[in-house]
Amino acid sequence: MLAVLNNYKLSSIDEHKTFHTIGQKLVTYFQDNVNLQPPVPTTLATICLFDNVTGKLRSIIEGTEITSWRTAASSLVATKYLYFNRIDKTTADSVLAIIGCGVQGRIHAIGMCSTFNISTINLWNRTNSKAESLAVELENMKATFQNKNLKIYVHNSVGECVAESDIIVTATGNRTPLLFGHMLKTNVHINAVGYGQTHHSEVDGGVYENGKIYVDSWTGAEAELKTLNYPIEGEVGEVINGVKETPTQALTIFQSLGMAVEDAVVGQLIVELYEKNKK
Ligand SMILES: NC(=O)C1=CN([C@@H]2O[C@H](COP(=O)(O)OP(=O)(O)OC[C@H]3O[C@@H](n4cnc5c(N)ncnc54)[C@H](OP(=O)(O)O)[C@@H]3O)[C@@H](O)[C@H]2O)C=CC1
Ligand SMILES: O=C(O)C1=NCCCC1
């Protein structure tokens, strides 16, 4: 994944300075890594940054953690603009469902509960013991969450897990749909994160058909969502910028593709901070 960015600002470093970044992110996915002792993440990433004048390699950054947090952060932003901005904020304690409790499911759970008023979290994982382990971890983190009375449940089926949920994260490698329209209540927001056969493998066509679909990147969608036969409403960024209106529709879907520019900017930020603190 190549990223070229010109003329942008990283305000936490120096709001007067303008950055130019050329980056390349390399990603591998080895499903069996999770069975190694100790386990290794299945998705591994490396970010290379290049000098924008000479093209010379400038830094190589371990990108696995960046990928994990960046992906969850994109879903948090999408959830804020596509869900929380359209609901009645006075009653805004929401129920979250996490479908798939691997690296992404875990970080989405922590990020969502740290950022929003989540009153209940429902967990489902193919291997039930992993959902149980995440439940214990979340229980121990409650004091750091927005809602310190968070209730945590582990479910035996996806249907049971999402039945009462307002916000849903799908983060599995499942190659066929596991989330269907008949399972959902009204007024739901879905962050579809996992990549199985395609980016949209986990969610049934009936869900896409009845929802408004948003992506992180039109360019990404043109290349990576060719097999999604439902119209895309826009980029989340277009809603943030006011180019597109905040949806009023009761079912919204953020189809997460992943954007190398986001990884490259975070990589650049890390390099800038490293160089600043070294002095
Ligand atoms: N949109 C984006 O930008 C990004 C997307 N991804 C994608 O997100 C997904 C999750 O990534 P990550 O959490 O890092 O991976 P992990 O390997 O840590 O977790 C994988 C999860 O998927 C579950 N799973 C795998 N196969 C199936 C299946 N056939 N049916 C049901 N559940 C299944 C696993 O369950 P079990 O524990 O039972 O094995 C586990 O919960 C991957 O598809 C990855 O490619 C990752 C990074 C960025
Ligand atoms: O953006 C990424 O990084 C990824 N996107 C989809 C699948 C794995 C990694």
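Tutor: Let's begin with a hairpin: strands S3 and S4 form it with six residues between them, and in the turn glycine 55 has a positive phi of about 80°. The strand and helix labels are DSSP runs numbered from the N terminus, with helices (H or I) having at least four residues and strands (E) at least two. Keep in mind that this is a predicted model, where local features need pLDDT of at least 70 and side-chain atom pairs count only at pLDDT 80 or more, while totals for chains, interfaces and linings use all residues. Residues are numbered from 1 along each chain as its sequence is written, and chains are lettered from A and ligands numbered from 1 in the order in which they are written.

Back to our strands. S3 and S4 (residues 57-62) run antiparallel and are joined by five bridges; two strands pair if DSSP finds at least two bridges between them. Across the pair, cysteine 48 faces isoleucine 60 in S4.

Now zoom out a bit. The chain splits into domain 1 (2-65 + 261-278) and domain 2 (66-258), with bounds from an automatic or database domain assignment. Their centres, taken over C-alpha atoms, are 25 Å apart. Where they touch, domain 1 contributes 12 residues and domain 2 contributes eight, a contact being two residues whose C-beta atoms, placed from the backbone, lie within 7 Å. On the domain 1 side, S3 (43-50), helix H1 (64-82) and helix H8 (260-278) each supply at least two residues. H8 gives the most to that side, with four.

S3 also meets helix H2. The buried residues of H2 pack against S3, as well as H1, S5, S6, H3 and S8. Among those buried residues are Gln104, Arg106 and His108; buried means that 20 or more other C-beta atoms, placed from the backbone, lie within 10 Å of a residue's own, exposed means 12 or fewer, and partly exposed is in between. H2 runs over residues 103-115.

Of the 26 residues around ligand 1, Gly102, Gln104, Arg126, Thr127 and Gly258 come nearest; a residue is near a molecule if its C-beta atom, placed from the backbone, lies within 6 Å of it. Both domain 1 and domain 2 give at least three residues to this shell.

Gly258 turns up again around ligand 2, along with Val27, Thr43, Ala45, Thr67 and Tyr195.

How values were computed: Expected span 1.5 Å × (residues − 1).
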